[in-house]
Each structure stands twice: as structure tokens, then as C-alpha cells.
Amino acid sequence: MNPNIQTKADSTTQLEPILEIRDLITEIRVPGRSLRPVEIERLVVPRGQVVGLVGESGSGKSMTAYSVLNLFPTAAASIHSGSIVLDGVDMVKVRENERVKIRGNKVGMVFQDYALSFNPVITIGKQLMEQLLTHGRHENAKAKVLSVLDEVGLSAEVFSRYPHELSGGMLQRVGIASALVCDPPLIVADEPTTALDVTVQAQILELLKSIQKERNLSILLITHDLGIVAEICDLVYVMYVGQIVEHGTVHKIFKSPSHPYTQGLLQGASSVQSVGTHEIRVAIQGSIPGLTEIPSGCRFHDRCPHTMEICRLQQPGFYEVDGLQAACWLHDAEHSHG
Amino acid sequence: MAETTLLEIHDLAKYFEVGRSLFKKKQNLYAVDGVSLYVRKGETLALVGESGCGKSTTGRLILNLEQPTAGSIFYRGKDLAGYSAADWKLYRQGVQVVFQDSHSSLNPRKTIRHILTAAMFSSGTIPRNKAQDAEERARALLSEVGLRPAEVFLAKYPNELSGGQRQRIGIARALSTNPDLIVADEPVSSLDVSVKAQVLNLLDTLQKEKGVAFLFISHELSVVRSIADRVAVMYLGKVVESGPVAEVFDAKVHPYTEALISATPIPDPDTTRNKKRIVLPGGVPSPMDPPKGCPFHPRCFRAESKCATEVPPTVEVAPGHHAACHFAEERFSSYESMT
Ligand SMILES: Nc1ncnc2c1ncn2[C@@H]1O[C@H](COP(=O)(O)OP(=O)(O)OP(=O)(O)O)[C@@H](O)[C@H]1O
Ligand code: SF4
Ligand code: SF4
Ligand SMILES: [Mg+2]
């Protein structure tokens, strides 16, 4: 175990967290019914930590990110109930005009694909300045933008460039600059390197690591890539069909996962270091169910290799197992048969 | 050509003409630029590299979906350039394809039954008047790719299936003509971690049972390591290193191979945080204006002065292991002395 990471975790757990999600239910209205892509009991991002939210596609990771900002890409989605306390302010309760200020000043968002999210006919510099102005920061806007471009490794010329003149890696740097320009203490990054080539991904991961250290930033990093989680996260939350199934420190999650889903994910992950070619991989059977067909009881029960009677009937709560929190009946004294 | 060689390509090139307009001169885009490779019976050769390096174009040339600008392709010892109609029929049965996204490559208006039997009819694997035979074969194929009970899946439409199931249909369709070579272009890249492992297992099992060879095109080095026998690493339309997968990944003779492996995160916190990471500067240069000398030299951390002017030759550093770098032999001997 890396001693540095351990100390960091210990010293920060005392502080009030930068983000605390409690009993969050996010819903999407579709004709005739409403679906619940997110049902999170509790998720905490301590100050100065990098927290990974990992899961497969359709598990609700991006919807969780949008919930944190309480800003959704579709009008059909909204927060049903719960609280999202961001630096002391509840994003669910606060009025929309307040929220606009909080977004940007307290939390910056980094997306997967910037090719689509910048206005193609406005220069990069203007778009970043616009960010500052909408969040009430009028002084020295240009100087601020130039300094944040420099921070993400882009030269001053980029200020007057248009988005199409930049490569994918450069655009992603601009995306990070745009999240940082109002100096928020928290960044939510949704698959920030998924659209990039591996050598460019390495550049962006190094950049995120160094900025995190420099600014003592808190980051909620959403990814499906276990390698990236291992690389930069302090804490990990594993998500399955809208719910957290296990969380804990990155070292414990990777060394001794306690939830069968986490175990399956880790065993199925390929590695450049794997020794055997054509070795049969341990794979989780079946595939992730859609939101219209959520299984009863434990949502993983139809794919789990350890399913018991109770698993089909009742949803498990969290159990502490060697410092990890796992939502699984196997860890209930009454139901586990060791 | 060795007895066991199924496919062999020599100095294959594909240039696209782009940017032709009233004021601009047309320019060449060097998508594939002098690639030589071979695939043996029953093995998996992986073609790996970053986006735009020419992997897919190489696959499309082999599949005859694109015509080469130069070079030649031999299948079972015979040059495609001299093929007769009968040769092409054998080729269409023998060489099949699986795409990344079976969603767009499967006709959404046809049932799985239709999709599979149509592939057998059009390739001439089963004559059109033997509909019963085709149906039975479709059933057997579905079971083989793990879609059971087969009757249920025969009647379904592609959009009624999950991503992993559709990819299995794509594999069943490829198998329907009894091929000995399947070109698989990013066949698991869009699949979730858990489903990806299932499909990789299926490909391994099918290869073992049927002896089919794969040209496995992928940008995921971790997947390549676990499924390939041999690997060819591409950069800017050229193969920069090729050989047995374990040796290439361990020796990392070419600096680009070394950088790719070093950039790939390992799903283990202790290992991935303690390894030294090579971070290459910038991005891949435009294939319209590839650098002079060694195409990798503007980003290479081992470059010396001659790299900017002299094209490095491709040398064989060990049996079946080639690399195109001025220092390939030195690099391989230092690897050997370490092991
Ligand atoms: N029809 C075409 N016209 C012009 N350029 C093309 C055409 N097809 C491919 N290219 C270009 O050729 C180069 C090689 O493309 P190719 O699709 O083979 O790359 P790839 O390695 O498969 O990339 P990816 O990983 O992104 O799929 C790229 O620069 C691409 O934009
Ligand atoms: S609660 Fe039951 S079904 Fe769910 S993960 Fe645990 S053992 Fe498996
Ligand atoms: S020839 Fe030179 S520039 Fe090219 S890979 Fe080798 S060391 Fe690097
Ligand atoms: Mg491709």
C-alpha cells in the first residue's frame, strides 16, 4: 500500500466534505411512467480527494453527474428527492438563480467530447471569458483566461483560435480550462479521456493529476475504465443499475473487493500486463438490465454467482467488510454460510 | 510462402486524394503506406495503433472493400490481382468480417433468421433452394455463439438485442460461410467490461474449435495482449513493430510501442502508480504531411539527429520479430541481456 495516499485520506476525512449526496432519486419521465436512473443513498467527496464513480454503460454515472449540477441535458429528467450538499449549499433546495452562480464558482464540469460542446464560430478566448462573466466575475477576465490556458498547457495563441483549429487533445485541455476558470473547489469529470487516443489520454491524466495537486482540487471522476481508477483515484464508488453497490479506498477495492459485482469487473478486466494469451477470462454472465426491467431484491441477483433465496426478495443494505462498504447479503451474519 | 500462411500482404499502400477544390491543389492522404504482414492458419494477428493510423483501411483492403494504390494481397498463395470468378467465390466464403458496431452493420428490418440465411445464400455456402439446411445451420450457429434457445433468437430483430448479443450475431454471421479468416475491426471496443470478457472468451473458443484465424484490429492494448498470438503496431500508415505478442510487449523495441504500453493504465493501483510513464508530446501528425526521416521522430524520446533525415529500415531483431527504428538491434540486445 502506498503510505502517502493513506495519510491523505486520513487527514481529510475530518473536514466537512466538499460534496455529500444523500437519498438522491433522479427520475426521467417517459410516456406513461417515470424511470429512476439514479437512486443513491450516500456518496461523499472529501476535500482534496479524487473520487472515482465507476460502472458500465447505463449504470447511471452521467445522470449522477448532471444531478450534482442539478442541470440535465433533457427536460424529461429531474431530481425527485434527496439532497446534494455542495460546499454547504443544497443544490436541490436552492433557487435556480442561485444555482447558476454556484455552477462554475463551486463546481466545474468536464465532459467526454468537446468537439460538440463549444460554439464553432466563437474563439476559445471569448467562450472562456463568457464563462467568467455569467458567473459574476468581471475583473481582469482576459488575464484570468490566459493564465488558466497556461495552466492547462496551452499557449496564448489558443485564445484567438476557433474550436475546429484544435486537435482532440487540445480541445480537452480547453474543456478543463473552462471547468477551472472560475476557480471552483470541485470538478466533476465525466469520461474525460474516453474519446482520446491512449498517448493523449496519458497527457490529460498527467495534467489532471498535477492540477489536482497544485490547487488541492476535489474531483468526482466518472469512468468505466478500471485502469484510470487505479491510476488517479483515492476513493472509489462502484455503481450498478442506478445504485452504489460498494465503496472504499482504491487500494482496498482493488485488493479485496467484497461485492460480487466488483469482483467480477476486476476479474474480467484485461491488462497489458497479463501473462497468458488465450486464457479463459472470468466473465460476469448476462448483461446489465435496462431501467424498465430492474430485478427485484438485489439488482445483481440474476447475474451473481452467489445468489441466495433472500437476494431475490429483499434489497441488501451496506455492510462493513474490512474497511469497505458493500451492499450484499453475503456479509449479513444470518445469511452467509461462510 | 510457407504451407501454413493463409494471408500475406506485400508493400500495401492506399492513398486517398483529398482537399481537391478550385483553389487548392489536391493532396494525398497516406492512409496505408507500405504495409507487409502475414496471417497463419488458426492464429490471431492483432493490428494495433491510435486513431487514423490505418488499421481499418488495411482491413478494408484485405476485405476488398477498398482498392490498393500499390502492393499486393495473397490469399491461400494466390494474388488477388489475378483472381478468377471462381477464386472470388472461394474468397467470399473464406474471408469474413465482424465490425465494431453490429448495430449499424445488421439490417434493422430483417429478422436474425433472415440475416444469417441471407449470408449463406449470397456467399454460395448453401444453395438458395436448400432453405431448410440454411435454417438448421443458423440454429446451430446461434447455439455456438451462446444465443440459446436458438428458436427464440431466430425470430428476433437486431434492436431487440443487447450490444453483446448483437455482437454475437455479427460473429455468427461471419461464421456462417465457414471462413478460415475473420477480419474483426474493433469487435469488442464498444462493449462493457463484463460483456467484453464474454465475447473475448467466445472468440478464443471458436478459434480453438474451428481453427479460424483472426485479424484482430484494436486500439486497446490490454485486449490485444490477452487475445493475440502476434501483433503489428501501426503508426502513420506503417507497421513500426511486429512479432509474437509477449515478446513485443516485453521487449518494446520500438519507442512508439514502449510509449503505447507505458500510457495504458493498469487496473492495479500499486503497479500503475509506481511505473514510470512516458508522456509523448503533442498528437499524431497529419497523414497528409507525414514527417521526413523516421515518421515518429518529432515525438520520439530516443530520437537522434539522423532520425530526422534517414528513414529507418525494418530489421528482424529476433525470429519473426521486426522493428523499424535505427536502434532496434541495440534495444533488443539490451532487453535480452536483462532477461
Ligand atoms: N475514404 C476516405 N477518404 C479520405 N480519407 C480517408 C478515407 N478513409 C480513411 N481515411 C483516412 O485515412 C487514415 C487512416 O484511416 P483508418 O480508418 O484506416 O484509421 P484507423 O487506424 O482504423 O483509425 P480508428 O482507430 O480511428 O478507427 C485516417 O487519416 C482517415 O481519416
Ligand atoms: S446480495 Fe445476493 S445476489 Fe446480490 S450480490 Fe450479494 S450474493 Fe449476489
Ligand atoms: S528511428 Fe529514431 S525517431 Fe524513429 S523510433 Fe527509432 S529512435 Fe525514435
Ligand atoms: Mg478503425
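Reader: Start with Tyr256(B): buried or exposed?
Author: Tyr256(B) counts as buried, because its relative accessibility is 0% and the cut-off for buried is under 20%. Keep in mind that this is a predicted model.

Reader: Which ring does Tyr256(B) pair with?
Author: Tyr256(B) forms an edge-to-face aromatic pair with Phe296(B), at 5.2 Å centre to centre and with 65° between the planes.

Reader: Where do Tyr256(B) and Phe296(B) sit in the chain?
Author: Tyr256(B) is in helix H11 (residues 255–263) of chain B, and Phe296(B) is in the loop between helix H12 (269–274) and S11 of chain B. They are 40 residues apart, so the pair links distant parts of the chain. Phe296(B) counts as buried too, at 1% relative accessibility.

Reader: How many aromatic pairs over all chains?
Author: The count comes to 13. Another of them is Tyr240(A) with Phe300(A), edge-to-face, at 5.2 Å centre to centre and 85° between the planes. Tyr240(A) belongs to strand S9 (residues 235–240) of chain A, while Phe300(A) lies in the loop between helix H10 (260–268) and helix H11 (309–313), 60 residues away. Both Tyr240(A) and Phe300(A) are buried.

Reader: Which charged end sits over the ring of Tyr38(B)?
Author: That of Arg230(B), 4.0 Å from the ring centre. In chain A, Lys142(A) lies over the face of Phe159(A), 4.8 Å from the ring centre.

Reader: Switching to the sheet in chain B. What is the strand order?
Author: The order is S6-S7-S8-S3-S9-S10-S12-S11, an open sheet of eight strands with mixed pairing.

Reader: Which strands stand at the edges?
Author: Strand S6 (95–98) and strand S11 (314–318) of chain B. Each has a single partner strand, so one side of each is left without a neighbour in the sheet.

Reader: How is S6(B) joined to S7?
Author: Four bridges join S6(B) to strand S7 (residues 181–185) of chain B, and the two run parallel. Gln96(B) stands opposite Ile182(B) in S7(B). Helix H7 (residues 163–175) of chain B packs on the sheet there, touching S6 and S7, and its direction makes about 175° with that of S6(B).

Reader: Last topic, backbone. Which peptide bond is cis?
Author: The one from Arg148(B) to Pro149(B), with omega near 0°. Pro149(B) is in the loop between helix H5 (131–144) and helix H6 (150–154) of chain B.

Reader: And what is phi for Glu191(A)?
Author: About 50°, a positive value although Glu191(A) is not a glycine. Glu191(A) also counts as buried, at 9% relative accessibility.

How values were computed
Residues are numbered from 1 along each chain as its sequence is written. Chains are lettered from A and ligands numbered from 1 in the order in which they are written. This is a predicted model: local features need pLDDT of at least 70, side-chain atom pairs count only at pLDDT 80 or more; totals for chains, interfaces and linings use all residues. Side-chain values use heavy atoms; hydrogens and water are left out. Buried means under 20% relative accessible area, exposed over 50%, partly exposed in between (1.4 Å probe, protein chains only). Two strands pair if DSSP finds at least two bridges between them. Contact means heavy atoms within 4.5 Å. Axes are lines fitted to C-alpha atoms, for helices over the stretch in contact, and angles run from 0 to 180 degrees between N-to-C directions. Rings of Phe, Tyr and Trp (its six-membered ring) pair if their centres lie within 6.5 Å; planes under 30 degrees apart count as stacked, over 60 as edge-to-face and the rest as tilted. A charge sits over a ring if NZ of Lys or CZ of Arg is within 6 Å of the ring centre and within 35 degrees of the ring normal.
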